[in-house]
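Q: Please give me a close look at a single part of this predicted model. I would enjoy a connected account that goes residue by residue.

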Amino acid sequence: EGWFPKQMMLLLDRLVDYAHEQAAAGKADEVRKRLSTWSEAYGLDATSNAEIRFRWLILAMACHDPSRVDAAIAMALEVGRMKFTRPLYRELMKEPTRMARAKAAFEKAKGTYHPITSKMVAQDFAKAESK
């Protein structure tokens, strides 16, 4: 409480960078353990601010948090802007257990996205599946 949205966005951007570093070192648990505490303190799971919600969900996916996968998929389906949709799908694709769910959601919603968004996300899935 008392934080301006830009301040929260900057904090979350830094935490995402830190989470990616920790995940690369096999220490994603260190950050994931704190997610619920941060959510309760700052109301992150309940925020209606798309910029904050997006960064929060990217952070959760970077920490391999299975409890927020549905929320990440829901945001990708609801918002549809490439600014949010493509990075969310890309983060979801990084873990095989999330890939199938993300692909199914995309296939269901791709007709509602802007054609360029659909094309780019489809290319991302094709690239991820070929690895």
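A: Happy to. Helices here are DSSP runs of H or I with at least four residues, numbered from the N terminus. With that naming in hand, let's turn to the largest pocket of this predicted model, which has a volume of about 190 Å³. Its lining consists of Arg-86, Arg-90, Met-93, Lys-94, Gln-123, Asp-124, Lys-127, Ala-128 and Lys-131. Two elements each give two or more residues to that lining, namely α6 (82-93) and α8 (115-129). The most comes from α8, which supplies 4 residues. Sorted by class, the lining holds 6 charged residues, 2 nonpolar ones and 1 polar one. The charged members include Arg-86 and Lys-127, while Met-93 and Ala-128 are the nonpolar ones and Gln-123 is the polar one.

The crossing of α4 past α5 is left-handed. From α4, the contact draws on Ala-50, Arg-53, Phe-54, Leu-57 and Met-61, and from α5 on Val-69, Ala-71, Ala-72, Ala-74, Met-75 and Glu-78. By class, this contact has 9 nonpolar residues, 2 charged ones and no polar ones.

Definitions and conventions: Residues numbered from 1 in each chain as written. Predicted model: local features only at pLDDT ≥ 70, side-chain atom pairs only at ≥ 80, totals over all residues. Heavy atoms only, no water. Left-handed = near helix turned anticlockwise from the far one by under 90°. Contact = heavy atoms within 4.5 Å. 1 Å grid on protein atoms, 1.4 Å probe; cavity = no way out; pocket = protein on both sides within 12 Å on 5 of 7 lines; lining within 4 Å. Points joined across faces, edges and corners; volume = space filled by probe spheres on them.
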